[in-house]
Amino acid sequence: MRVLVALGGNAMTGPDGSATPKAQRAAIAEASRHLADLVAAGHEVVVTHGNGPQVGNLLVKNELAAAVVPPVPLDWCGAQTQGTIGFTLLDTLEAALAERDAARPVAALVSRTLVDADDPGFTHPTKPVGRFLPREQAQALIDHGERWEDRGEKGWRRVVASPEPIEVLETHTLLTLLGAGYVVVAAGGGGIPVVRGADGAVQGVEAVIDKDLTAALLARAVDADVLVIATDVAHAVAAWGTPDAHDIGRVTLAEMEAYAAEGHFASGSMGPKVEAALRFVRGGGRRSIITALDQLAPAIDGQVGTVIENPQTER
């Protein structure tokens, strides 16, 4: 089976959220062990990942150095974090596969995701990124062209566009590597956001793309059988925080759409994951799974997780 696994931010940092290099490497090594189990079981595996804490660290460096050197733009931050996380996944996945006598070549692609230059997010950016700062500290970054907003008592915070992903431009390369037997890491952080000009050339833009939405798009593009959104809980939960809270197990597309329409999933947490899972199945995908990172193998076998199926495409 061809499986695309989207690793959440919890797979990139320590249990306490620490983003030190040591904590990141340990967390990625743990994620790699679970990914290697899927490969050892005979599945073709594509991996995408978040990069929020890593980009956050780069933004802090931008802030501290803004009076000395120009800030690094967000597309560069995406490229840098793809390289760092990809390099670490290469090392740890190769080691985990060797431990299982399932040695396979691993490749990490620096990947661009095409977005629409006319996406409304560019006119009215609303996605907050980075930390809160006093106005006087934010001003140096505003002077470099960044958009910051006054958020009251907490201070000022940067806002950027979060456009819809249209296409992962390295999809053909990914498919070539899959056909050659590689485990492939691609579209980290949702992909480096780029737009295409009238002359056909692409260029990076200041934006962040939801990594789960890109994962759903990429899973369809590579004809994955299953999209797994790995997070820090074993199931999505309906009526979370109420006496009626309950885990959502195996459901049809229509049933999960009904849960979403009823407002069970918060926009800042489970909401984007559910939307991505729904998009994949709506678009003809066989099955989406939302589950914990340490439950990847049993989830693929149908033993755990929120499993969304379309009876018309399940085969």
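## Packing of α8 against α9

In this predicted model, helix α8 (residues 253-261) packs with α9 at an angle of about 150°, their axes lying 11 Å apart; axes are lines fitted to C-alpha atoms over the stretch in contact, and angles run from 0 to 180 degrees between N-to-C directions. The two helices, α8 and α9, are therefore roughly antiparallel to each other, a term for angles over 145 degrees. From α8, Leu253, Met256, Glu257 and Ala260 make the contact, and from α9, Val274, Leu278, Val281 and Arg282, where contact means heavy atoms within 4.5 Å. By class, this contact of α8 with α9 has six nonpolar, no polar and two charged residues.

Residues are numbered from 1 along each chain as its sequence is written, and side-chain values use heavy atoms, with hydrogens and water left out. Because the model is predicted, local features need pLDDT of at least 70 and side-chain atom pairs count only at pLDDT 80 or more, whereas totals for chains, interfaces and linings use all residues.

## The largest pocket

The largest pocket has a volume of about 1,200 Å³; on a 1 Å grid over the protein atoms alone, a pocket is an open set of points with protein on both sides within 12 Å along at least five of seven lines, a cavity is a set where a 1.4 Å probe fits but cannot get out, and lining residues have an atom within 4 Å of a point. Of its 46 lining residues, Gly52, Lys127, Ile209, Asp210 and Lys211 are the closest to the centre.

Among the elements that each supply at least two residues of this lining are α2 (52-65), β5 (127-133) and α7 (211-221), and the largest share, five residues, comes from α2. The lining of the largest pocket divides into 16 nonpolar, 21 polar and nine charged residues.

## The second largest pocket

About 310 Å³ of space lies in the second largest pocket, which is lined by 15 residues, with Ala19, Pro21, Gln24, Gln54 and Thr84 nearest its centre. Helix α3 gives the most to this lining, with six residues, and the lining as a whole has six nonpolar, seven polar and two charged residues.

## The cavity

The count comes to one cavity of 30 Å³ or more, and the largest cavity has a volume of about 50 Å³. Its lining includes Leu59, Glu63, Val129, Trp148 and Arg158; α2 and β5 are the elements that give two or more residues to it, and β5 provides the largest share, three residues. By class, the lining of the largest cavity has four nonpolar, one polar and four charged residues.

Methods:
Grid points are joined across faces, edges and corners, and a volume is the space filled by probe spheres set on the points. Helices (H or I, at least four residues) and strands (E, at least two) are DSSP runs, numbered from the N terminus. Ala, Val, Leu, Ile, Met, Phe, Trp, Tyr, Cys and Pro count as nonpolar, Asp, Glu, Lys and Arg as charged, and the others, Gly among them, as polar. Angles under 35 degrees count as roughly parallel, over 145 as roughly antiparallel, 65 to 115 as roughly perpendicular and the rest as oblique.
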